[in-house]
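Hi,

Here is the structure I promised to pass on. Have a look at it first, and my notes follow below.

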Amino acid sequence: KKSAPSVLAERERTGELVTAPYLHTPKGELWYIFVGEPRSKKLVSMPVRVDTLQTDELREETIQFRAAPEPGTFQIVLYLCSDSYVGVDQRIPLSVHVVAAAPEPVEQHSE
């Protein structure tokens, strides 16, 4: 993993720094991805931090959250929020289908 100064130097070289005239140091873009449950108005995952979306490479992130305790189809929202740009945040509604857990096998003890 690169150190913060080397990442900022690389972003400055490639033009990936954001315009932030009130900050005294260079700033790179930063994004947060997280999942919320609209009915309860609560977050159901911890935010995942993404350094940049300016890449030609496919990027995969894992977001872990606890499924609903009962089977059914539930509505969640995937949020993509920027700490650098105004008006670009995304809200993506998703449906999640939860199935009942398979029963745990019963161990038989021979005596």
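In what order do the elements of the chain run from the N terminus on? The answer is α-β-β-β-β-β. In total the chain has 1 helix and 5 strands, where helices (H or I, at least four residues) and strands (E, at least two) are DSSP runs numbered from the N terminus.

Before the details, please keep in mind that this is a predicted model: local features need pLDDT of at least 70, side-chain atom pairs count only at pLDDT 80 or more, and totals for chains, interfaces and linings use all residues. Residues are numbered from 1 along each chain as its sequence is written, and side-chain values use heavy atoms, with hydrogens and water left out.

First, the overall numbers. Of the chain's 111 residues, 23% count as buried; buried means under 20% relative accessible area, exposed over 50%, and partly exposed in between (1.4 Å probe, protein chains only).

Next, the aromatics. Rings of Phe, Tyr and Trp (its six-membered ring) pair if their centres lie within 6.5 Å; planes under 30 degrees apart count as stacked, over 60 as edge-to-face and the rest as tilted. That rule gives 2 aromatic pairs. One is tilted: Trp-31 and Tyr-85, at 6.3 Å centre to centre with 40 degrees between the planes. Trp-31 sits in strand 1 and Tyr-85 in the loop between strand 4 (72–82) and strand 5 (90–98), so this pair ties together parts that are 54 residues apart in sequence. Trp-31 is buried at 7% relative accessibility, while Tyr-85 is partly exposed at 31%. Phe-34 and Tyr-79 make a stacked pair, 5.3 Å centre to centre and 25 degrees between the planes. Here strand 1 holds Phe-34 and strand 4 holds Tyr-79, so parts 45 residues apart in sequence are tied together. Phe-34 is buried, with a relative accessible area of 15%.

Now the charges. A salt bridge here is a side-chain nitrogen of Lys or Arg within 4 Å of a carboxyl oxygen of Asp or Glu, and the count comes to 2. Lys-27 pairs with Asp-83, their closest N and O atoms being 3.1 Å apart. Lys-27 is in the loop between helix 1 (4–14) and strand 1, and Asp-83 in the loop between strand 4 and strand 5, so the bridge ties together parts that are 56 residues apart in sequence. Arg-49 bridges to Asp-51 at 3.7 Å between the closest N and O atoms. Arg-49 is exposed at 53% relative accessibility, and Asp-51 is partly exposed at 34%.

Glu-37, in strand 1, is buried yet has no salt bridge; Arg-39, the nearest side chain of opposite charge, is 4.2 Å away (Lys and Arg count as positive and Asp and Glu as negative; His and the chain ends are not counted). Leaving out residues up to four places away in sequence, Glu-37 touches Lys-42, Val-44 and Gln-75.

The other is Lys-41, in the loop between strand 1 (31–37) and strand 2 (42–43). Its phi is near 60 degrees, a positive value in a residue other than glycine. Most residues other than glycine have a negative phi. Lys-41 counts as exposed, at 75% relative accessibility.

Cheers

Definitions and conventions
Contact = heavy atoms within 4.5 Å.
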